[in-house]
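Take a look at the model below. We will walk through it one part at a time.

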Amino acid sequence: MPCPISVEAGLDHEITHSQAVNEAIAEEMRRDSTVILLGEDVAEAGTPFKVLSGLVEEFGTERVIDTPIAEPGFMGIAVGAAMTGMRPIVDIMFGDFLFLIMDQLCNQAAKTHYMSGGKLNVPLVVRTNLGATRRSAAQHSQSLHALVAHIPGLKIALPATPYEAKGLLKTAIRDDNPVVIFEDKLSYQMKGNVPEEEYLIEFGQANLLREGSDVTLIGTSSMVQTCQAAADLLAEEGISAEVLDPRTIVPLDETAILESVRKTSRAVVIDEGHQNYGVTAEIAARISEKAFYHLDAPVIRLGAMDVPVPFSPALEDLTVPTPKLVARKSLSICRGELVHDA
Amino acid sequence: MTKSVRKNTEQFLHLYKQMVRIRTFEENANQLYLNAKMPGLTHMYIGQEAVAVGVCEALENTDRITSTHRGHGHCLAKGAKFKQMFCELLGKAEGYCRGKGGSMHIADQDNGNLGANAIVGGSMGIATGAALSAKLLDTKTVTVCFFGDGATAQGLWYEVMNMAALWQLPVIYACENNGYSEYTPTSEIAAGSLKARAEAFGIESHKVDGQDVLAVHTLTQGLVNRLRNGEGPFFIELETYRYHGHHVGDINRSYYRTKDEETAWQKDRDPITNFGRWLEEQDIANSEELSEIASNIHAEADEAVRYAIDAPYPNHGEVDTHVFAGVKHALPYISGGRIGS
Ligand SMILES: Cc1ncc(C[n+]2csc(CCOP(=O)(O)OP(=O)(O)O)c2C)c(N)n1
Ligand SMILES: [Mg+2]
């Protein structure tokens, strides 16, 4: 699965995940005057995460629009604006607030192109975030990408690095469909290299981060780092793990996933959404359906524990997959140990 | 001194104590954050004490409130204890919610607090529903729904106000207008008049100085009495100010409000200073008595903080309890209860 632009080419400029988002938006706003940004405290404050600082100074309050705390309202306005010539980027401060915009996003934005027989487009981006362990409790910590991935008509991007954050967001802004992009809020200060020159990352192209022969670790967003760390732990045990980051879950690079699993014969799928009915379930099911005869072990799912995110650090840390847990499960399938108690 | 005057005296002192309790709690919470002893962030109520106290002192223990992300003041004013609150803020097992909720989700069922809420406007439906059940069950209890000026932008409020007015529900919508929603002045996020919005539904509406505990209390007491007699709903806009940042991490505020503005409110309109002065003028208490009240409360808070710091975290086994009512552990339950944990 070659990337349209080589990851190695010209990686000469180190920025944070937060700067990557900022650069992507600034570049696209310069390029296309129909790109506008709406959300709470996106202008002077540059969001509580300070991700958008400086944009209002360059593009003015006509294009960087502070809204009241009325998510369904400004989401609906974005849908209408998108249908009539603008390319809105809607800032949903916490992924948890997606629940407030569900009708506008899932009943309106997602279905308009289809219901109009292809006559109307809704080119908009919802920028939001995911991730627990910030001690923010049950209404500010959820990873809800599986919910929107369930709705036909929405594309879902999950950047894991500054490089991906910038490239995927630029692609999302140019896409003629509604795209929801989830940033890992714990990684805003994480640094990484991006090319000096302009680049895009095509949707549906997984990134192979590490080659291996014993087990494939498929991780999304915040869990990509977890997979990398788990692969290091596994290497110490003599296990060679391949690490794959799908980058977008709609569309999903099934080819890359199946190719890798056919080679390693084992797969562990890791994602920070709840495990029940989640992204890990979807990917595991596709592997089981389409690479069944290549498998030497059951496909393992590791999602967030199926409980609301607890506030107490003593409990919260139990709810998210860790490198140790990923390594332990991988080791046990590589050794042919029974992984289920039943 | 006649009996009724003495009773009033006690009540006045109680209002004062309650405000000092809130401020003391918050100063300690802020310190816990600064000392990196508290997980996460929290939103300080300092400056707005007269609102919570003036309103909640008009309520009985069985009356209900719903609260917000800036909820410590409401919780204390409704009767919560320092120890369980500090334990909750630190994620300890003895907290009001066993450490599962934290600062933004403290609920205190015993005192009628249905919970803080981390979704702006998220409690408006809940409060109105509590008023509906009070009416259907004929409990004669009332509900106060606290929310900020920023929350008035949420459509939910207009939906529930409409129903509350149609069905004459015993609820007060209490909007604490502290001038800002996060980093944006209210004038930039609210068109027209807030009071007129409630009036559009035929709801009797009032505006009151939220820094004047007696004014808040007298107004609320009158409305509560009328709610118990079948009138309502009502709307109150309380003008107030938060002294600290939006949350404890919001230190550099000059890009959205001036230092002068902050100083002016603190100097001229502090609810505790002004009420303390009034108590002295009325010969209800002298300055030594007021300082003694404060130092007793400080000592109680110090002890509660120490207690909470040393208190144990919940056991790991609690992570999947309370997901479903009537189910001890959710994880085996959702797998049909047959396969092991
Ligand atoms: C639905 C929702 N949108 C946005 C937020 C983020 N947020 C938390 S507090 C706040 C401002 C609330 O302002 P206001 O209602 O005036 O209350 P105050 O903070 O002034 O007490 C915002 C935007 C949220 N928690 N919930
Ligand atoms: Mg406010």
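Strand E3 (residues 171–177) of chain B is mostly covered, with seven of its seven residues buried. Buried means that 20 or more other C-beta atoms, placed from the backbone, lie within 10 Å of the residue's own. Strands (E, at least two residues) and helices (H or I, at least four) are DSSP runs, numbered from the N terminus. This is a predicted model, in which local features need pLDDT of at least 70, side-chain atom pairs count only at pLDDT 80 or more, and totals for chains, interfaces and linings use all residues. Residues are numbered from 1 along each chain as its sequence is written, while chains are lettered from A and ligands numbered from 1 in the order in which they are written.

Which way do the residues of E3(B) point? B:Val171, B:Tyr173, B:Cys175 and B:Asn177 point one way. B:Ile172, B:Ala174 and B:Glu176 point the other way. In a regular strand the side chains alternate between the two faces of the sheet.

Now find the neighbours of E3(B). Strands pair if DSSP finds at least two bridges between them. Strand E2 (residues 143–148) of chain B runs parallel to E3(B), joined to it by six bridges. Here B:Phe146 stands opposite B:Ala174. The chain gets from E2(B) to E3(B) through helix H6 (residues 155–166) of chain B, in a right-handed β-α-β crossover. Right-handed here means that, with the strands pointing away from the viewer, the path from the first strand over the helix to the second runs clockwise. E3(B) also pairs with strand E7 (residues 234–239) of chain B, in the parallel sense, over six bridges. B:Cys175 has B:Glu237 as its bridge partner in E7(B).

Next, turn to chain A. Helix H7 (residues 222–236) of chain A has buried residues, among them A:Met223, A:Val224 and A:Leu234. Just after H7(A), A:Gly238 takes a positive phi of about 80 degrees.

Finally, how many residues of chain A are in contact with chain B? The count is 32 residues of chain A against 37 residues of chain B. Contact means C-beta atoms, placed from the backbone, within 7 Å. On the chain A side, helix H3 (71–83) and helix H10 (313–316) are the elements that give two or more residues. H10(A) gives the largest share, three residues. By class, this side has 17 nonpolar, seven polar and eight charged residues. Ala, Val, Leu, Ile, Met, Phe, Trp, Tyr, Cys and Pro count as nonpolar, Asp, Glu, Lys and Arg as charged, and the others, Gly among them, as polar.

Definitions and conventions
A residue is buried if 20 or more other C-beta atoms lie within 10 Å of its own, exposed if 12 or fewer, and partly exposed in between; C-beta atoms are placed from the backbone. Two residues are in contact if their C-beta atoms, placed from the backbone, lie within 7 Å.
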